[in-house]
Amino acid sequence: MSQDESVVLNQDKTSTSGLPILPKSTIWMINFGFLGVQIAFTLQGSQMSRIFQTIGANPNNLGWFFLLPPLAGLIVQPIIGYYSDRTWAPKLGGRRLPYLFIGMIIAVIVMILLPNSGSLGFGYGSFAALLFGAITVAFLDLSSNMAMQPFKMMVGDMVNDDQKSYAYGIQSLICNTGAVLAAIFPFLLTWWGVSNTAKKGVVPQSVVISFYVGAVILVITCLFTIFRVHEYDPATYARYYGISEADNKEGGNWFTLLKHAPKVFWNVALVQFFCWFSFQYLSTYAVGAIAKNVWVTTDASSAAYQAAGNWYGVMTAVQSIAAVIWSYVLAKVPNDHHKAGYSLSLLLGAIGYTSIFFIHSQNALIFSFTLIGIAWAAMNTYPLTMVTNALSGKHMGTYLGLFNGSICVPQMVASLLSFGLFPLLGSSQVNMMLITGISALLGAIAVLFIKETYAE
């Protein structure tokens, strides 16, 4: 056995679930590329509202732009799961890694285009500028989803039940480390003298260069995973899971799989609905809420608003640092205490979301985003742990792709409801923060009804 193969296949040691006990270094390497993918996602999430309002979007219409990314994810993730279940291309990496490579290439191209939406001469607030921005955001989310899904699937494929909570905890830690880096890029670049303002309708260079740096890191980290991880071949995978090689090639109708999904799949999906509903409104309205409460401005072209945008990036970093620390804590929580850790984390997040409505000091927002980071860590650790533990190994990728609907659907529902809720709440981005808190609280309550199970 070669050195590279021994990194992944440690067949002398087995777990209670029949899969090998993997070295911690292997688990880290499986997840390492997630660092770059999360940088792409965080730049999109933390800067998207700022970019669109900078190029002339009306705050009341932001829901349209935030509708496209989850729609792309809802379509792409199950497709990637379905076809990667049936893929075996050892020269391209295996089952999941070829899709990571393709997603990475597309994401890099789009990360170069998106922040230049206002620099192509379309005009401030023009339909062409907003359409170009919307299309590039949709492609960035599509490609990032394509690159992200293999990491979730590889943990599901290769990590035994005893190590799975640890593996997804490490994935959460790595992903939040990437989020920290991405969130503070514009702030640091501004501090280093890069311009944080530009002419009306043009995205500042601090944001543009942040996307360029993120694209470079995405390539480097993903290539580490692609070259260092060797997935289980179909025969080995089938032997570990006690299934036949044909099980992943036959059937797989999405509606049939959903009909026979374990109950925990739907229990966790309900929790996810409330969590991601909250997070969608945070991404959409937090910059405007902070600008109004702290900088007392609603003018997206002003230096004060751009300062608020930078500070939201810093607060996203605070959120991610809190999530990194809390992810380490959650990775130590034993299986029989998952629900307690999950519910408590979301309850603290609900307090954090709601507090943004009341806070008028930029430093006090550290409290809010620390609590939100605790919820974010749980959102990245527990759902996949609970769902993959309940799956038998058949159609693992397809199930995880379908489960991604529990992230995409609430974001789409939130975006569509925003056209009614936003004017109902006085067209105030600050007031929308109350909705985030209420929804997160409902998620914390819903956790209590989960009946966690393990595959036979």
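In this predicted model, Val-296 is found in the loop that joins helix H11 (263-293) to helix H12 (303-331). A search of the whole structure finds 2 cavities of 30 Å³ or more, and the largest pocket holds about 220 Å³ of space.

- Val-296 has a phi near 55°, which is a positive value in a residue other than glycine.
- Val-296 counts as exposed because its relative accessibility is 64%, and the cut-off for exposed is over 50%.
- Val-296 and Val-203 are 93 residues apart along the chain, and their C-alpha atoms are separated by 21 Å.
- His-395, which sits in the loop between helix H14 (365-389) and H15, also has a positive phi, near 55°, and it too is a residue other than glycine.
- His-395 is buried, since its relative accessible area is 8% and buried means under 20%.

**The packing of H2 against H8**

- Two packed helices are described by the angle between their axes together with the distance between the axes.
- Helix H2 (residues 24-32) packs with helix H8 (residues 205-228) at an angle of about 130°, and the axes of the two helices are 7 Å apart.
- On the H2 side the residues in contact are Met-29, Ile-30 and Phe-32, while on the H8 side they are Thr-221, Phe-224, Thr-225 and Arg-228.
- Sorted by class, the residues of this contact between H2 and H8 are 4 nonpolar, 2 polar and 1 charged.

**The largest pocket**

- Rolling a probe the size of a water molecule over the atoms shows where empty space is left.
- The lining of the largest pocket is made of 13 residues, and those nearest its centre are Leu-74, Leu-258, Leu-402, Gly-405 and Val-409.
- At least two lining residues of the largest pocket come from each of helix H4 (62-85), helix H10 (254-259), H11, helix H15 (396-403) and helix H16 (405-424).
- By class, the lining of the largest pocket has 11 nonpolar residues, 2 polar residues and no charged ones.

- The largest cavity contains about 710 Å³ of space.
- The largest cavity is lined by 41 residues, of which Gln-38, Phe-41, Trp-276, Phe-279 and Trp-376 are the closest to its centre.
- Helix H3 (residues 34-54) gives the most to the lining of the largest cavity, contributing 8 residues.
- The lining of the largest cavity divides into 20 nonpolar, 19 polar and 2 charged residues.
- The second largest cavity contains about 50 Å³ of space, and the residues that line this cavity include Thr-54, Asn-196, Lys-199, Lys-200, Pro-204 and Gln-306.
- In the lining of the second largest cavity, 4 residues are nonpolar, 6 are polar and 2 are charged.

Conventions:
Residues numbered from 1 in each chain as written. Predicted model: local features only at pLDDT ≥ 70, side-chain atom pairs only at ≥ 80, totals over all residues. Heavy atoms only, no water. Axes fitted to C-alpha atoms, helices over the stretch in contact; angles between N-to-C directions. Helix = DSSP H or I, 4+ residues; strand = E, 2+ residues; numbered from the N terminus. Contact = heavy atoms within 4.5 Å. Nonpolar A, V, L, I, M, F, W, Y, C, P; charged D, E, K, R; others polar. Buried < 20%, exposed > 50% of the residue type's maximum accessible area, 1.4 Å probe, protein only. 1 Å grid on protein atoms, 1.4 Å probe; cavity = no way out; pocket = protein on both sides within 12 Å on 5 of 7 lines; lining within 4 Å. Points joined across faces, edges and corners; volume = space filled by probe spheres on them.
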